[in-house]
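This report is written for a reader meeting the structure for the first time. Please keep the sequence and the 3D view at hand while reading.

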Amino acid sequence: MKKKNAKHSMKKLRKAIRKAQNAKRYEHTLGVEYTAAALAMRYGENMQDALLAGLLHDCAKCLPDEELLRICEKNNIPVTEEERSLPFILHGKVGGILARKKYGVENEDVLNAIYYHTMGREGMSLLEKIIFVADYIEPGRDKAPGLAELRTLAFQDLDKALVRILEATLQHVKESGCTVFSGTEQTLNYYKKQ
Ligand SMILES: [Fe+2]
Ligand SMILES: [Fe+2]
């Protein structure tokens with residue numbers, strides 16, 4: 001994205017994302033966008049990058065499963081067995097691809113923050129952590145336990161908040177009898193050791 005047109009582009013991008021999402025998802029998107037900007041202010045990350053990554057993080061969330069798989073195949077993105085059985089996990093990876101190809105993002109850090117936002121990864125950048133945390137604590141979220149405390153923690157110690165979110169996510173999927181995503185477990189093990 002060309003810097004001088006950043007503001008203008010954000011307006012256009014918001015319109016495009018609004019069209020690509022349902023009302024509830026778009027509301028969540030705006031929540032993540034502004035929460036990411038607030039975290040960027042707190043931790044000294046580039047605010048425009050945080051806004052952009054927040055706006056686009058779920059740009060592939062409303063696509064049907066077949067479309068997610070098709071886009072991966074077309075772009076030579078490796079798809080694991082796990083992802084093939086639950087294609088919605090791919091909306092991060094596909095979001096990263098669409099952000100580059102459809103929405104014109106060139107900043108690799110922004111693209112990675114979108115690409116890895118569902119499960120995180122080892123050695124995440126500050127921006128990647130910000131998007132991951134913002135996705136969980138944005139104001140529209142209300143179901144996860146301990147959210148108020150977690151929101152405070154996110155502005156005190158981003159890494160601790162990251163670990164708490166990974167733990168809570170794993171516990172939630174285990175309790176609900178869903179498949180535990182290997183990526184989430186891997187990220188948690190890595191950050192617990194840090
Ligand atoms: Fe997502
Ligand atoms: Fe999200």
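## Overall fold

The model is a predicted one. Its chain has eleven helices and zero strands, and the pattern along the sequence is α-α-α-α-α-α-α-α-α-α-α. The radius of gyration is 16 Å, close to the 16 Å that the globule rule gives for 194 residues, so the chain is as compact as a globular protein of that length.

The C-alpha trace spans about 40 × 40 × 30 Å along its principal axes. Of the 194 residues in the chain, 35% are buried. When contacts between residues at least 6 apart in sequence are taken, 58% of them join residues at least 24 apart.

## The nonpolar core

The largest nonpolar core has 45 residues. Ala-36, Ala-50, Ala-53, Leu-56, Ile-130 and Val-133 have the most contacts inside this core. Two or more residues each come from helix H1 (6–20), helix H2 (23–43), H3, H6, H7, H8 and H10. H8 gives the largest share, eight residues.

Which residues does Ile-130 contact, leaving aside its neighbours within four places in sequence? They are Ala-36, Leu-39, Ala-40, Tyr-43, Glu-45 and Ala-50. Ala-38 belongs to helix H2. This alanine has 16 other C-beta atoms within 10 Å; Ala-38 is therefore partly exposed.

## Helices H3 and H7

Two packed helices are described by the angle between their axes and the distance between the axes. For helix H3 (residues 47–56) and helix H7 (residues 108–115), the angle is about 35° and the axes are 9 Å apart. Their crossing is right-handed. On the H3 side the contact is made by Asp-49, Leu-52, Ala-53 and Leu-56, and on the H7 side by Asp-109, Val-110, Ala-113 and Ile-114. Six of these contact residues are nonpolar, none is polar and two are charged.

An α-helix has 3.6 residues a turn, so residues three or four places apart point the same way. The buried residues of H7 are Val-110, Ala-113, Ile-114 and Tyr-115. Besides H3, these buried residues pack against helix H6 (91–101) and helix H8 (126–137).

## Helices H10 and H11

Helix H10 (residues 158–175) and helix H11 (residues 182–193) cross at roughly 145°, and their axes come within 10 Å. This crossing is left-handed.

From H10, the residues in the contact are Asp-159, Leu-162, Val-163, Leu-166, Glu-167, Thr-169 and Leu-170. From H11, they are Thr-184, Glu-185, Thr-187, Leu-188, Tyr-191 and Lys-192. The contact of H10 with H11 contains six nonpolar, three polar and four charged residues.

## Residues in the loops

His-117 lies in the loop between H7 and H8. Is His-117 buried or exposed? It has 25 C-beta neighbours inside 10 Å, and a residue with 20 or more is counted as buried, so His-117 is buried. Leaving aside neighbours within four places in sequence, His-117 contacts His-57, Gly-92, Ile-131, Phe-132 and Asp-135. His-117 and Thr-187 are 70 residues apart in sequence, and their C-alpha atoms are 11 Å apart in space.

Gln-21 is placed in the loop between H1 and H2. Gln-21 counts as partly exposed because it has 18 C-beta neighbours inside 10 Å. Its contacts, not counting residues up to four places away in sequence, are Tyr-26, Thr-29, Lys-61 and Cys-62. Gln-21 and Gly-123, 102 residues apart along the chain, have C-alpha atoms separated by 30 Å. Asn-76 sits in the loop between helix H4 (65–74) and helix H5 (81–85). With 6 C-beta neighbours inside 10 Å, Asn-76 is counted as exposed. Most residues other than glycine have a negative phi. Asn-76, although not a glycine, has a positive phi of about 55°.

How values were computed
Residues are numbered from 1 along each chain as its sequence is written. Chains are lettered from A and ligands numbered from 1 in the order in which they are written. This is a predicted model: local features need pLDDT of at least 70, side-chain atom pairs count only at pLDDT 80 or more; totals for chains, interfaces and linings use all residues. Axes are lines fitted to C-alpha atoms, for helices over the stretch in contact, and angles run from 0 to 180 degrees between N-to-C directions. Helices (H or I, at least four residues) and strands (E, at least two) are DSSP runs, numbered from the N terminus. A crossing is left-handed if the near helix is turned anticlockwise from the far one by less than a right angle, and right-handed if clockwise. Two residues are in contact if their C-beta atoms, placed from the backbone, lie within 7 Å. Ala, Val, Leu, Ile, Met, Phe, Trp, Tyr, Cys and Pro count as nonpolar, Asp, Glu, Lys and Arg as charged, and the others, Gly among them, as polar. A residue is buried if 20 or more other C-beta atoms lie within 10 Å of its own, exposed if 12 or fewer, and partly exposed in between; C-beta atoms are placed from the backbone. The radius of gyration is taken over C-alpha atoms; the globule rule is 2.2 Å times the number of residues to the power 0.38. A nonpolar core is a set of buried Ala, Val, Leu, Ile, Met, Phe, Trp, Tyr and Cys residues joined through C-beta atoms within 7 Å.
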